[in-house]
Amino acid sequence: MAPALTGAFFVRGWTMDWSYIAAHVPDFLGGAWVTLSYGLIGVACSAVLGLLCSLVRVFRVPVLRALVRAYVELSRNTPLLVQLFFLYAGLPRVGVKLSAGACAVVGLTFLGGGYMAEAFRSGLEAVDRSQREAGECIGLTPLQTVRYVVLPQAFATAAPALFANMIFLIKETSMLSVVAIMDLMNVADTLRTGGGRTIEVLSMLVVAYVVILLPVSLLATFAERRMRFAGFGRQHTV
Amino acid sequence: MDTILQVRHIGKAFEHNQVLRDVSLELDEGRVLVVVGPSGCGKSTLLRCINGLEQIDSGEILLRGEVISGQRKNLHLVRQKIGMVFQSYDLFPHMRVMDNLLLGPVKALGRPKEEVRAEAERMLARVGLADKAGVYPRTLSGGQRQRVALVRAMLMQPEILLLDEITAALDPEMVSEVLNVVLDLARDGMTMVIVTHEMRFAEAVADEVVFLEDGCVVERNPPEVFFHRPETERAKRFLQSFDYAPRRRAAQPGANTAEEQSAP
Ligand SMILES: Nc1ncnc2c1ncn2[C@@H]1O[C@H](COP(=O)(O)OP(=O)(O)OP(=O)(O)O)[C@@H](O)[C@H]1O
Ligand SMILES: [Mg+2]
């Protein structure tokens, strides 16, 4: 590399220390792996929780419906940081001790579940009631109707919101350092406060997040387009 | 002949709107019952009560002698025997025509897919849609969609088929292609309850006509009686509301003789 050339862009002869960067790539790879795993586990769990919650609301299950409502508001209107502190520092006081990993997954799921529930709900509500009746009129059980008739259509409508939530949740993993998870953010913080080179560390952090999230964003755009234009009968896809 | 459907003194209200007061019907196997009446008289509600989309408040409904009203569990088992097609077709937009057709027989009845597929292809061909199995409903015309909806209902091999104004949303030139399919089914001995505003079709397809008004059966007669010598004043008035064209033609000399000849 050419330190002098790079340095020319900055004041007072500052140069990017490429050897420092090269030496710490493995740390960031480890952090990226942790970020991505917690992010995806969180997305998967909150999608399941969100779907269940949205079904409870759309099908007006008594009692559960009120609980879900309260949960959604609680999860959307408190910061993840507070939720994590509650799990990590609060719960042990009442005798519930969760490992750091468990706190991370529960916290992300608690947060994401509320958002996912709202995304699914908007999708489900966009499916006309007559579709449900048509399904039941050909003798499907209510559950089969949901599975084969309502949900596929709801997914297509909800796809943009679901992908937005996915990206949001992966980014929220940057909060997990407060429960001592060695994610990207924590790796960077540890290096920096341990006397590492700040700009190099932060630059690597930015690059690492982009490398993780850009494919997800592109996938989202692609999938959204497919869902919107494929299944519903444009001639060119047939 | 076996009685398939018995509707006994059913009543149904939405809040304070008493839509059905006291309706009784009976339908034998292979017969076609046409229900007519002014808009809002409860025709759709009657059909929806029969297949359990609405719960009745009083009376009972029997299918082959078994009470089917009043139960909420296992409604799907009842509906497997009662086909229903609506004005709005309600095909599943995310599935190709063939998948629309396979869903009920395969998932609800558990029949082998290939067997149903072969049958579906035969029936599609019969309604003139042999080449449409692989397309999405959105690419079909209204008349084509409605024919697919009819095939979808028929593939369940229902004991009885309920049709609720299935041509009401169609452009005039597509009405006959759909009604011909229904006439065909009637000739094959399909038991049906048909709600329609197409009076000529009603006359052609019906074994019996029921005139519904204010939630009650006002008149019940064979079509040749109902359409030409209705017994009640209310039925007469109702039928006159369809009469613009013949009356205007009657003003032209010689035109009304043809009308009268068509009457038995
Ligand atoms: N789900 C419902 N909730 C409340 N009222 C309803 C509902 N469905 C129907 N009604 C009312 O019941 C009455 C009868 O409606 P229905 O649809 O059975 O009439 P119809 O005879 O089919 O009329 P049309 O010929 O216009 O289709 C109407 O006054 C309607 O407003
Ligand atoms: Mg109606």
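## Contact between the chains

In helix 7 of chain A, Gln144(A), Tyr148(A) and Val149(A) meet Leu103(B), Lys107(B) and Ala108(B) of helix 3 of chain B. Contact here means heavy atoms within 4.5 Å; helices (H or I, at least four residues) and strands (E, at least two) are DSSP runs, numbered from the N terminus. By class, this contact has four nonpolar, one polar and one charged residues. Ala, Val, Leu, Ile, Met, Phe, Trp, Tyr, Cys and Pro count as nonpolar, Asp, Glu, Lys and Arg as charged, and the others, Gly among them, as polar.

The axes of helix 7 (residues 142-172) of chain A and helix 3 (residues 97-108) of chain B come within 12 Å and cross at roughly 150 degrees. Axes are lines fitted to C-alpha atoms, for helices over the stretch in contact, with angles from 0 to 180 degrees between N-to-C directions. The crossing is right-handed, that is, the near helix is turned clockwise from the far one by less than a right angle.

## Basis of the model

This is a predicted model, in which local features need pLDDT of at least 70 and side-chain atom pairs count only at pLDDT 80 or more, while totals for chains, interfaces and linings use all residues. Residues are numbered from 1 along each chain as its sequence is written, chains are lettered from A and ligands numbered from 1 in the order in which they are written, and side-chain values use heavy atoms, without hydrogens and water.

## Surroundings of ligand 1

The residues around ligand 1 (a heavy atom within 4 Å) include Phe14(B), Asn17(B), Val19(B), Glu165(B) and His197(B). By class, this shell has three nonpolar, seven polar and two charged residues. Helix 1 of chain B gives the most to the shell, with three residues.

Polar contacts are pairs of N or O atoms within 3.5 Å. For Lys43(B), a side-chain N or O atom is 2.7 Å from a ligand oxygen.

## Positive phi angles

Glu165(B), one of the residues around ligand 1, has a positive phi near 45 degrees. Glu165(B) lies in the loop between strand 7 (160-164) and helix 6 (172-187) of chain B. In chain A, Ala180(A) has a positive phi near 65 degrees and lies in the loop between helix 7 and helix 8 (184-193).

Methods
A polar contact is a pair of N or O atoms within 3.5 Å; within protein, one must be able to donate a hydrogen and the other to accept it, and residues adjacent in sequence count only if both atoms are side-chain atoms.
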